[in-house]
Amino acid sequence: MPVNRIILVDDDEISNFLSISLIRKIDPEIEIIPFRNGKEALDYLKNEGLSKRRSNLILLDIRMPVMNGFEFLEEIHNSDLKIKDFMRVVILSSSDNPRDLERAKSFEVLGYINKPLKEESICTYLKLAG
C-alpha cells in the first residue's frame with residue numbers, strides 16, 4: 001500500500017515548508033500533518049491514532065524543543081500503543097554527529113536523511129514504507 005499520510009515532526013518552519021513543497025510536488029495526494037515537536041505528534045497519535053486503512057510515514061527531526069526525536073521514539077517504544085506496530089519512521093535531521101547516527105540505529109527506524117529533504121531520498125523511503 002503506498003504511503004498516503006506523512007506526519008512531519010520538525011520545529012524548523014523553513015525546513016517544513018521545503019519538505020512539504022517537495023512532497024506535494026512528488027505526490028499531491030499524500031496528506032501531510034506537521035507538528036513542531038515530539039510531544040505534539042505523540043499527543044496526536046495517542047488521540048487520533050494511525051488508521052490501519054492508511055499507510056503512514058513519520059519524518060522525525062532529532063533536535064526540537066519540548067520533546068526531541070529520541071524522546072519521542074523512546075515514548076513510543078515503551079508504550080503499549082498499537083501504533084508502533086504499523087508506523088514507519090525516518091529521521092530527518094541536520095545533525096551529522098556520529099553519536100546521533102548510532103543512537104538512531106538503536107530504534108526501529110527505516111533510515112536517516114540529512115536535511116534538506118531531497119527528491120531521491122524521500123522517493124526511496126516512500127517506496128520502502130509503502
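The side chains of Asp-10 and Lys-115 are joined by a polar contact of 2.7 Å (a pair of N or O atoms within 3.5 Å; within protein, one must be able to donate a hydrogen and the other to accept it, and residues adjacent in sequence count only if both atoms are side-chain atoms). This is a predicted model, in which local features need pLDDT of at least 70 and side-chain atom pairs count only at pLDDT 80 or more, while totals for chains, interfaces and linings use all residues. Residues are numbered from 1 along each chain as its sequence is written, and side-chain values use heavy atoms, with hydrogens and water left out.

**Asp-10**
- Asp-10 sits in the loop between strand E1 (5-9) and helix H1 (13-26); helices (H or I, at least four residues) and strands (E, at least two) are DSSP runs, numbered from the N terminus.
- Asp-10 is buried, at 1% relative accessible area (buried means under 20%, exposed over 50%, partly exposed in between; 1.4 Å probe, protein chains only).
- Beyond its neighbours within four places in sequence, Asp-10 is in contact (heavy atoms within 4.5 Å) with Ser-15, Asn-16, Phe-35, Arg-36, Asp-61, Met-64 and Lys-115.

**Asn-37**
- The loop between strand E2 (31-35) and helix H2 (38-48) holds Asn-37, which is buried with a relative accessible area of 7%.
- Its side chain reaches the backbone nitrogen of Glu-40 at 2.9 Å.
- Leaving out neighbours within four places in sequence, the contacts of Asn-37 include Val-9, Met-64 and Met-67.

**Leu-42**
- Leu-42, in helix H2, is buried with a relative accessible area of 3%.
- Residues up to four places away in sequence aside, Leu-42 touches Met-67, Phe-72, Glu-75 and Ile-76.
- Leu-42 and Met-67 are 25 residues apart along the chain, and 9.4 Å separates their C-alpha atoms.
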